[in-house]
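Hi,

Here is the structure I promised to pass on.

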Amino acid sequence: MKRLIAIAALSTALAGCANFAPEHTRPELAVTPAYDGELQPDGTVVASQLSYRDWFLDPRLERLIASALENNRDLVAATARIEQARARYRIQDSRRLPTVVADASGVRTRQSLSGNPTLGGVGREEGADGPASVTYNRFQVGVGISAFELDFWGRITNLSEAARAEYLSTIAAQRAFYLSLIADTANTYFEIIETEEQVALAEATAQSRREGLRIARLRLDSGVTSALPYRQAETLLTQAEQQLAAERLALAQLRNQLAVLVGGTVPQDLPQGLTLAAQADEQRLAAGLPSDLLLARPDIIAAEEQLRAARANIGAARAAFFPTISLTGNAGFSSDSLGGLFGSDGLGWSFGPTISLPIFDWGAREADLDLARALEVEQVANYDRTVQTAFREVADALAGRRYLAEQVETLERALAAQEKIARIARLRYREGVADYLEVLDAERNLFSAQQQLLATRRAWLQNRATLFVALGGGFEQDDRAAPGAVEE
C-alpha cells in the first residue's frame with residue numbers, strides 16, 4: 001500500500017517536466033500611446049474607481065440599473081456560463097492527479113468436483129443423486145490506479161491551463177456584459193426622458209397652434225384676412241399633431257425596450273426622475289493612457305485570456321508528438337476468511353507502465369498543431385481588434401464630450417434667438433406689417449430648434465455614459481476584484 005502511494009506521489013511530481021507551449025506575452029499595443037491632447041481637459045476622477053451610483057445622479061436611473069443587473073436574462077445566462085466554464089476547468093484540472101479507487105468484495109462459491117479432481121476433498125459434500133461439491137469463500141480489499149497518464153511533456157498541464165484561461169475569459173466576458181448593460185440601460189433611459197420631453201413639447205406646440213388656428217378662423221370669418229393664412233395655420237397644427245403621434249409611438253417602443261433590459265417588469269415604486277438639463281454634474285473623468293485600458297476593460301482581459309488558452313493548446317498539440325506513458329497499479333489483501341483478511345500473507349500488489357506512440361496517423365497530429373497555431377494567430381488578431389475598438393470608443397467619447405457640449409451651448413443660444421424671432425413675427429402679423437408666411441416660418445424654425453436642443457442634450461448624456469463605461473467605470477465595490485483570482 002505504501003509503495004503504491006509512493007509511486008502515485010512520484011508520478012505526480014514528475015508530471016509536467018516539459019512544457020512546449022509558447023511563452024505568453026501581450027502583443028504590442030496596436031494603438032497610439034496617447035489620446036488627442038486637445039480632447040483631454042483637466043480631469044481627476046478615475047472611472048474605474050467609481051460605481052454607477054457615484055456617476056449617475058438620477059435616483060430613478062439608479063433603481064433601473066440595479067433592477068437590470070439583478071434580473072436581466074442575458075446577464076443571468078452570462079453568469080451561468082461562468083459556472084459551466086469553472087466546472088470544465090475543474091474537470092480538466094483533476095486529470096493532473098491520479099484517480100485512486102478503493103474496492104472490496106466478498107464471494108462465497110459452491111463448485112462441483114465433477115471433472116475437477118484438483119480440488120481434492122476440501123469441503124467435500126456427498127449428494128444422494130449428484131456429484132460431490134466444494135464450497136469456499138474469498139474476501140478481497142484494495143486500492144488501485146487505472147491508466148493514469150504521466151504528464152512528462154506537459155500535455156495535461158497545458159490542457160488544464162487552457163481550461164483555466166477559458167474560465168477567466170468567461171468571467172471577464174460576463175463583466176464586460178455587466179458594463180454594457182449599465183450603458184444600455186442609461187442610454188435607453190435618456191432616450192425615454194428626451195422622448196417624454198418631445199411629447200410634452202409637441203403637445204404644447206399643438207395646443208398653441210390650435211389657438212392660432214382659432215384666431216385665424218375668426219380673422220377669416222371677419223374678413224380681415226384671406227383663406228391662405230387660415231390654411232397655413234392649419235398646416236402648422238397638422239405638423240405638430242403628426243410629430244406628437246410619432247413621439248408617442250417612439251416612447252411606447254422605448255418603454256418596451258427598457259422592460260426587456262430590466263428583466264421583464266419595470267418597478268412600479270420608482271422615485272421621481274430628473275429632466276435632461278438636470279442630469280449632469282461637474283465631475284470630469286481623467287482619460288489616462290490607452291495602456292490603462294488593458295487592465296480596466298474586461299473585454300480586453302477576456303481577449304487576452306482567449307489568447308493564453310490558444311497558446312496552451314499549442315503546447316498540448318506539440319506534446320502529442322511524444323509517447324504517452326500511462327501507469328496502472330493496485331495493492332490490497334485477499335483471504336479465504338474474513339478474520340485473516342489483513343494478514344501479511346494476504347498482501348498483494350502490482351503496477352506497470354504502458355507506453356503508446358502512434359506511428360502512422362496520416363498527418364492528424366500535424367494538422368492538430370497547425371490548427372492550434374492558426375487559432376493563436378486568430379486570437380492575436382482578436383486581441384488587437386479589441387484593443388483598437390476600446391481605444392476608438394474612448395477617443396470618440398472624448399471628442400463627443402467636447403463637441404457635443406459645444407453644440408448644446410450653441411443650440412441654447414440659437415433657441416433663445418429663435419424664440420425672439422417667433423415673438424416678433426407674431427407681433428408683426430397682428431399689426432399687419434407682415435403676412436402669415438413669416439409667422440409660419442418662425443414657428444417651424446422654433447419648433448425645430450426646440451427639438452434639436454432636446455436631442456443634442458440626450459446625445460451628450462449618452463456620450464457621457466459611454467465614456468464612463470468605456471473607461472471601465474460602473475462596478476460596485478464588491479465587484480471590483482480583477483478576474484484573476486481563481487480557486488486552484
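Gly315 sits in helix α8, residues 298-319 (helices here are DSSP runs of H or I with at least four residues, strands are runs of E with at least two, and both are numbered from the N terminus). Gly315 is buried, at 0% relative accessible area; buried means under 20%, exposed over 50% and partly exposed in between, using a 1.4 Å probe and protein chains only. Setting aside residues up to four places away in sequence, Gly315 touches Phe20, Ala21, Pro22 and Asn158, where contact means heavy atoms within 4.5 Å. Gly154 is 161 residues away from Gly315 along the chain, yet their C-alpha atoms are separated by 7.3 Å.

Before you read on, a word on where this comes from: it is a predicted model, so local features need pLDDT of at least 70 and side-chain atom pairs count only at pLDDT 80 or more, while totals for chains, interfaces and linings use all residues. Residues are numbered from 1 along each chain as its sequence is written, and side-chain values use heavy atoms, with hydrogens and water left out.

Now the overall picture. The protein chain has 10 helices and four strands, in the order α-α-α-α-β-β-α-α-α-α-β-β-α-α along the sequence. Of its 488 residues, 40% count as buried. Among contacts with a separation of 6 or more, 86% are between residues 24 or more positions apart.

The four strands make an open sheet in the order β1-β2-β3-β4, with antiparallel pairing; two strands pair if DSSP finds at least two bridges between them. At the edges are β1 (100-112) and β4 (347-356), each pairing on one side only. From one strand to the next, the twist averages 20°. If you want one to look at, Phe148 has Leu327 in β3 as its bridge partner.

On to the helices. How do α5 and α10 pack? Helix α5 (residues 155-221) and helix α10 (residues 436-470) meet at an angle of about 170°, with their axes 9 Å apart. Axes are lines fitted to C-alpha atoms, for helices over the stretch in contact, and angles run from 0 to 180 degrees between N-to-C directions. The two are therefore roughly antiparallel (over 145 degrees; under 35 is roughly parallel, 65 to 115 roughly perpendicular and the rest oblique). Their contact has 13 nonpolar, seven polar and seven charged residues, with Ala, Val, Leu, Ile, Met, Phe, Trp, Tyr, Cys and Pro taken as nonpolar, Asp, Glu, Lys and Arg as charged, and the others, Gly among them, as polar.

- Gln279 is in the loop between α6 (227-261) and α7 (293-296). Gln279 is buried, at 3% relative accessible area. Beyond four places in sequence, Gln279 touches Leu57, Asp58, Tyr189, Phe190, Ile193, Leu274 and Leu461.
- Leu411 belongs to helix α9 (residues 364-430) and counts as buried at 12% relative accessibility. Leaving out neighbours within four places, Leu411 is in contact with Gln452, Leu453 and Thr456. Arg457 is 46 residues from Leu411 in sequence and 9.6 Å away, C-alpha to C-alpha.

Cheers
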